[in-house]
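Me: Can you walk me through this one? I have the sequence and the model open.

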Amino acid sequence: MAKKAAAGTPATVLLTAQRVEHTLHPYEVSPDAPNYGALVAEALGIAPEQVFKTLVAEVDGALVVAVVPVTGELDLKALAQAAGGKRAALADRAAAERSSGYVRGGISPLGQRKRLPTVIDDSATALTRMYVSAGRRGLQVGLAPGDLIRLTEAVTAAIRT
């Protein structure tokens, strides 16, 4: 049933269209809860190192997607370097939502309205499975890191603190 309920997100539509093996994982955690990522991992019964958050940042004035484990924070200096720029800052919420087509707390690196350069933290490459937002609050998608890297045309780099 979860698959049907999520059929409408651009992320799951993309995964299905590309025939990428994935699993959907609904959960209930308040988006305002402190330590949100750890609570999501706990709700799903998976290691926190496997759960990644998707952040939209600005590198030298251009939007870039950063995917980092919930166990750490985004290293803006490392992101700027990985994206070939000098300075990075988190994008403002309205710009992130407008560009991605998703709302904060439900931004997926997949199926964004406008494809942006993407940098995925290199810790993902050591995993067999990782979990990212499926495109709405309360729904994660589990997939192989290689599939996420391929579909987003991402580069990998150490971008977490």
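Reply: What follows goes from the overall fold to a few single residues. This is a predicted model, where local features need pLDDT of at least 70, side-chain atom pairs count only at pLDDT 80 or more, and totals for chains, interfaces and linings use all residues. Residues are numbered from 1 along each chain as its sequence is written, and side-chain values use heavy atoms, with hydrogens and water left out.

Me: ok, how many helices and strands in the protein chain?
Reply: The protein chain has 6 helices and 8 strands. Both are DSSP runs numbered from the N terminus: H or I of at least four residues for helices, E of at least two for strands. In sequence order the pattern is α-α-β-α-β-β-α-β-α-β-β-β-α-β.

Me: and why call it as compact as a globular protein of that length?
Reply: The radius of gyration is 14 Å, close to the 15 Å from the globule rule for 161 residues, so the chain is as compact as a globular protein of that length. The radius is taken over C-alpha atoms, and the rule is 2.2 Å times the number of residues to the power 0.38. Along the principal axes, the C-alpha atoms fill a box of roughly 45 × 30 × 30 Å.

Me: what share of the residues is buried?
Reply: 47% of the 161 residues count as buried. Buried means under 20% relative accessible area, exposed over 50%, partly exposed in between, with a 1.4 Å probe and protein chains only.

Me: switching topic, how many aromatic pairs?
Reply: The count is 1 aromatic pair. The rings of Y27 and Y36 have centres 6.4 Å apart and planes at 65°, so the pair is edge-to-face. Rings of Phe, Tyr and Trp (its six-membered ring) pair if their centres lie within 6.5 Å; planes under 30 degrees apart are stacked, over 60 edge-to-face, the rest tilted.

Me: is Y27 buried or exposed?
Reply: Y27 is buried, at 8% relative accessibility, while Y36 is partly exposed at 22%.

Me: now A124, where is it?
Reply: A124 is in the loop between β5 (118–121) and β6 (130–136), and is buried at 0% relative accessibility. Leaving aside neighbours within four places in sequence, A124 is in contact with F52, M130 and P145. F52 is 72 residues away along the chain from A124, with the C-alpha atoms separated by 8.7 Å.

Me: M130 again, then. what separates its C-alpha from that of Q50?
Reply: 4.8 Å, for residues 80 apart along the chain. Q50 lies in the loop between α3 and β2 and is buried, with a relative accessible area of 18%. Not counting residues up to four places away in sequence, Q50 touches L127, R129, M130 and Y131.

Definitions and conventions
Contact means heavy atoms within 4.5 Å.
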